[in-house]
Amino acid sequence: MPSIATIIITKNEAHNIEACINSVLWTDEIIIVDAHSTDGTQDICRKFEPQVKLYIMDWPGYGAQKNRAMKLATTEWLLFLDADERVTPELRQEIELKLKKTESSISVYRIPRQNYFLGKALKYCRGKGERQSARLVRNGKCNFSLDLVHETIQTEGSSANLRQCLNHFSYNSLENRIEKMNFYSSLGALKLVQCDAKSSFGKALLKALWAFVRTYFLRLGCFDGWPGFIIALSNFEGTFYKYAKVVEHRMVHKPSETNQFSKKPSSS
């Protein structure tokens with residue numbers, strides 16, 4: 001069986017991290033790179049030493065942080081998780097079977113997620129089968145782009161898909177959903193500012209309306225009941241504020257002042 005390290009990027013994840021670690025104790029090592037948590041996340045991680053190796057680092061963005069973490073691993077394969085994700089027994093079994101007979105040309109496995117919101121498993125709106133960027137990668141064959149958010153994988157080899165899902169408990173409350181919406185809209189705005197993208201309040205409104213329609217109707221979020229409506233509405237808000245923050249930035253700040261958006265979130 002090839003060796004596997006789990007890599008988790010954290011900041012103030014005390015409510016999530018223990019369950020996440022417990023789901024991957026079967027891997028050979030667990031590397032956690034923490035961006036100076038203040039809520040007890042580090043103390044929880046230290047309970048699992050020496051299998052858990054905790055590193056405290058500043059926050060350069062998701063892509064750069066993952067690249068840092070990869071250099072700390074000594075295993076053949078790397079499994080990237082967010083603190084609010086759990087590896088199911090079925091996914092573990094599939095990973096082990098795949099890696100025992102994987103082709104040498106494959107450097108990346110992509111893993112779908114089963115999303116949960118307000119205690120409900122979503123079936124339509126970002127529901128079961130949602131595909132994510134690479135999660136299981138061959139060490140030394142991949143790097144992540146340096147984007148602050150929505151980083152992409154750059155790999156030398158080919159990729160393949162796994163069938164079993166990660167369980168993803170992305171929002172444990174409405175307050176948490178609002179907090180993340182605000183954070184990700186700020187990072188999205190920063191990316192647009194860095195690309196010198198144009199924006200206006202009219203464009204912000206049109207983009208936000210499209211985000212709601214796509215989520216609630218085209219992706220059938222309407223069939224997920226109240227959780228589906230909340231997700232569609234927060235996608236509307238997040239998209240609107242992303243473009244509105246670009247307008248605000250250009251009205252208030254000098255072109256070089258882009259650091260206002262770059263703080264790490266309080267949840268992954």
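Just after helix α5, Asp196 takes a positive phi of about 60°. The model is a predicted one, and this spot is a handy place to start looking around. Helix α5 itself runs over residues 174–194, which makes 21 residues. From its first C-alpha to its last, α5 reaches 30 Å, close to the 30 Å expected at 1.5 Å a residue.

Helix α4 can be looked at in the same way. It spans residues 89–100, twelve residues in all, and α4 reaches 17 Å from its first C-alpha to its last, close to the 16 Å expected at 1.5 Å a residue. Which residues of α4 are buried? They are Leu91, Glu94, Ile95 and Leu99. These residues sit on the same side of α4, because they cover an arc of only 120° around the axis. Turn to the other side of α4, and Pro89, Gln93 and Lys100 are exposed there. As for what the buried residues of α4 pack against, the list is made up of strands: β1, β4 (77–82), β5 (85–87), β6 (106–110), β10 (136–138) and β14 (166–171).

Asn16 lies in the loop between β1 (4–10) and α1 (17–22). Is Asn16 buried or exposed? With a relative accessible area of 10%, it falls under the 20% cut-off and so counts as buried. Leaving aside residues up to four places away in sequence, Asn16 touches Ala83, Asp84 and Arg86.

Then there are the aromatic rings. The structure holds 13 aromatic pairs. One of them is formed by Phe80 and Phe144, an edge-to-face pair with 5.0 Å centre to centre and 75° between the planes. This pair links distant parts of the chain, with Phe80 in strand β4 and Phe144 in strand β11 (residues 142–144), 64 residues apart. Strand β4 is also one of those that the buried residues of α4 pack against. Both Phe80 and Phe144 are buried.

Phe212, Tyr216, Phe217, Trp226 and Phe229 form one aromatic cluster.

Note on methods: Residues are numbered from 1 along each chain as its sequence is written. This is a predicted model: local features need pLDDT of at least 70, side-chain atom pairs count only at pLDDT 80 or more; totals for chains, interfaces and linings use all residues. Side-chain values use heavy atoms; hydrogens and water are left out. Helices (H or I, at least four residues) and strands (E, at least two) are DSSP runs, numbered from the N terminus. Buried means under 20% relative accessible area, exposed over 50%, partly exposed in between (1.4 Å probe, protein chains only). Contact means heavy atoms within 4.5 Å. The expected span of a helix is 1.5 Å times one less than its number of residues. The arc is that of the directions from the helix axis to the C-beta atoms. Rings of Phe, Tyr and Trp (its six-membered ring) pair if their centres lie within 6.5 Å; planes under 30 degrees apart count as stacked, over 60 as edge-to-face and the rest as tilted.
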